[in-house]
Amino acid sequence: MYDDSPLTLLVEDALYAAKHDRCGTAVDILRDAFPYLTEPDSYRVCKAMAEAGTVATVRAHGGVKPDPAAGELWAPGGHTDDPLLLWSIWFLVAHANADSTMTRTLFAVMWERGRSEVLAAACTLLGAVASISLIADEVVAQ
C-alpha cells in the first residue's frame, strides 16, 4: 500500500493473510475492526482493498492499463449469481476506472443494508483482491 495509517495496515495485514492461505485470520482482522469503523473509514478500507486489486490487475496485464483519455476503461467479465461477489467486482472496476461517483454509490447501497452486509462485502472484496494478487504474482514470475 502507500502509507502506514492504521487503516492501510489493517488492509495490508488482511490481504497478506488471505494470500497466504489464512482466510480465517483475514476475516477475523476485518470482523474485529469493522464494528469500530465509521462509515467513511469503512469506505476507505474498501477503497484501499480496491487499490490493491487495481495494482494487481495492472501487474497481471504486464503493466498495461486502459487510457481513460482515449475512452478506454476496465470492464467486468464473467458471470456470477453471488450478489456480494458482483458488488465486489463492480466496486473494484469502478475504482480501477477512477469512478469515485460509482464507488461511493455502491458503498452507500451496501452501508444502507447494515454493518454486517458491509463486512460481508468487504470480506468478499478481500477474497477477490487476494485472488487477483496471486494471479499477478504468477504472471510476473513467468
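View 1. About 350 Å³ of space lies in the largest pocket, where a pocket is an open set of points on a 1 Å grid over the protein atoms alone at which a 1.4 Å probe fits, with protein on both sides within 12 Å along at least five of seven lines, and where the volume is the space filled by probe spheres set on points joined across faces, edges and corners. Its lining, made of residues with an atom within 4 Å of a point, comprises 17 residues, and Thr57, Ile89, Leu92, Val93 and Ile132 lie nearest the centre. Two or more lining residues come from each of helix 3 (39–60), helix 4 (83–96) and helix 6 (115–141), helices being DSSP runs of H or I with at least four residues, numbered from the N terminus. Helix 4 gives the most, with five residues. By class, the lining has 12 nonpolar, five polar and no charged residues (Ala, Val, Leu, Ile, Met, Phe, Trp, Tyr, Cys and Pro count as nonpolar, Asp, Glu, Lys and Arg as charged, and the others, Gly among them, as polar).

**View 2. The packing of helix 4 with helix 6.** These two helices pack at an angle of about 65 degrees with their axes 9 Å apart, the axes being lines fitted to C-alpha atoms over the stretch in contact and the angles running from 0 to 180 degrees between N-to-C directions. The crossing is right-handed, that is, the near helix is turned clockwise from the far one by less than a right angle. Leu84, Leu85, Trp87, Ser88, Phe91 and Leu92 of helix 4 meet Glu117, Ala120, Ala121, Thr124, Leu125, Ala128 and Ile132 of helix 6, contact meaning heavy atoms within 4.5 Å. This contact has 10 nonpolar, two polar and one charged residues.

**View 3. The packing of helix 1 (residues 6–19) with helix 6.** Here, too, the angle is about 65 degrees and the axes are 9 Å apart, and helix 1 passes helix 6 in a right-handed crossing. From helix 1, Ala14, Leu15, Ala18 and Lys19 touch Leu126, Val129, Ala130, Ser133, Leu134 and Asp137 of helix 6, a contact of seven nonpolar, one polar and two charged residues.

**Notes.** Residues are numbered from 1 along each chain as its sequence is written, and side-chain values use heavy atoms, without hydrogens and water. Local features in this predicted model need pLDDT of at least 70 and side-chain atom pairs count only at pLDDT 80 or more, whereas totals for chains, interfaces and linings use all residues.
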